[in-house]
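Please read it alongside the sequence and the coordinates.

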Amino acid sequence: MGYAFIKELVKRPLDEIWALGRNKERLEKLVNEFGEIIVPVCKDLIDLQDLISIEVMLAEQKPQVEYLINNAGIAQMKASKDFAACEIENTINLNCKAPAVLINYCLPYMERGGRILNICSASAFQLVPYINLYAATKVFERSYSRALNVELKASGITVTAVCPGWIDTDMLAKEINGKKVKFPGLVSPQKVAEKAMKDAEKGRDTSVCPLYVKCQHFNVKLLPQKSVMKIWMKYLKKYL
């Protein structure tokens, strides 16, 4: 997803694109492909000291931040009882704390017309056992994004909660217990990024992609939550 968003950002009239990530080799590949517009920033967003060092970088360079895209995340499909304490902590830190902290770091350097995109998930729309921890963090991120969009309205800075369905990335487990997984409404990262950027630039507080997820969102508004969970578990049980 990060790569897809960079492909969108290089189309905009930007001087620099700060690419944050833990993998130094992947960051170097971005520089090789897109050139000096990419500023590689090798940081672990789970680590508080690394987050603080980003605040220091901003204070030193004082850039005008046009876009902030919070894309990093952790997702695991397993029973909630099987998570170790460190896995719970890391998931919450990366999916919830890091976006909120980075937003506050960047806001002093954003002007009217600035765009914040938080990559949430369609799982934020409903209760989903066995990806419960991930989904719950995305509920937080979606709620935080939409409310913050209202708080920042007078400043002319918009916040968009990007809520795609299944995205065809390495994060998806292609097999579970020897069974090939079918992902209804599977969409490419590029399609999600294109739609998200367009929606953000139109000032929308939510971006949903693809049409399958829009229908899903409508349905879960109408159905009781217990019924939605039963439908989810019927889909999931073949892989458990």
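The model is predicted. The protein has 240 residues, and eight helices and eight strands are found in it.

**Overall form**
- The radius of gyration is 18 Å, which agrees with the value near 18 Å that a compact globule with 240 residues would have.
- Along the principal axes, the C-alpha atoms occupy a box of roughly 50 × 40 × 30 Å.

**Burial and contacts**
- Of the 240 residues, 45% are buried.
- Among contacts with a separation of 6 or more, 65% are between residues 24 or more positions apart.

**Geometry of α4 and α5**
- Helix α4 spans residues 85-106 and helix α5 spans residues 132-151.
- Their axes lie 9 Å apart, and the packing angle is about 15°.
- Angles under 35 degrees count as roughly parallel, and α4 and α5 are therefore roughly parallel to each other.
- The crossing of α4 with α5 is right-handed.

**Residues in the α4–α5 contact**
- On the α4 side, the contact is made by Glu87, Ile88, Thr91, Ile92, Asn95, Cys96, Pro99, Ala100, Ile103 and Asn104.
- On the α5 side, the residues are Leu133, Tyr134, Thr137, Lys138, Phe140, Glu141, Tyr144 and Leu148.
- By class, the residues of this contact between α4 and α5 comprise 11 nonpolar, four polar and three charged.

Technical notes
Residues are numbered from 1 along each chain as its sequence is written. This is a predicted model: local features need pLDDT of at least 70, side-chain atom pairs count only at pLDDT 80 or more; totals for chains, interfaces and linings use all residues. Side-chain values use heavy atoms; hydrogens and water are left out. Axes are lines fitted to C-alpha atoms, for helices over the stretch in contact, and angles run from 0 to 180 degrees between N-to-C directions. Helices (H or I, at least four residues) and strands (E, at least two) are DSSP runs, numbered from the N terminus. Angles under 35 degrees count as roughly parallel, over 145 as roughly antiparallel, 65 to 115 as roughly perpendicular and the rest as oblique. A crossing is left-handed if the near helix is turned anticlockwise from the far one by less than a right angle, and right-handed if clockwise. Contact means heavy atoms within 4.5 Å. Ala, Val, Leu, Ile, Met, Phe, Trp, Tyr, Cys and Pro count as nonpolar, Asp, Glu, Lys and Arg as charged, and the others, Gly among them, as polar. The radius of gyration is taken over C-alpha atoms; the globule rule is 2.2 Å times the number of residues to the power 0.38. Buried means under 20% relative accessible area, exposed over 50%, partly exposed in between (1.4 Å probe, protein chains only).
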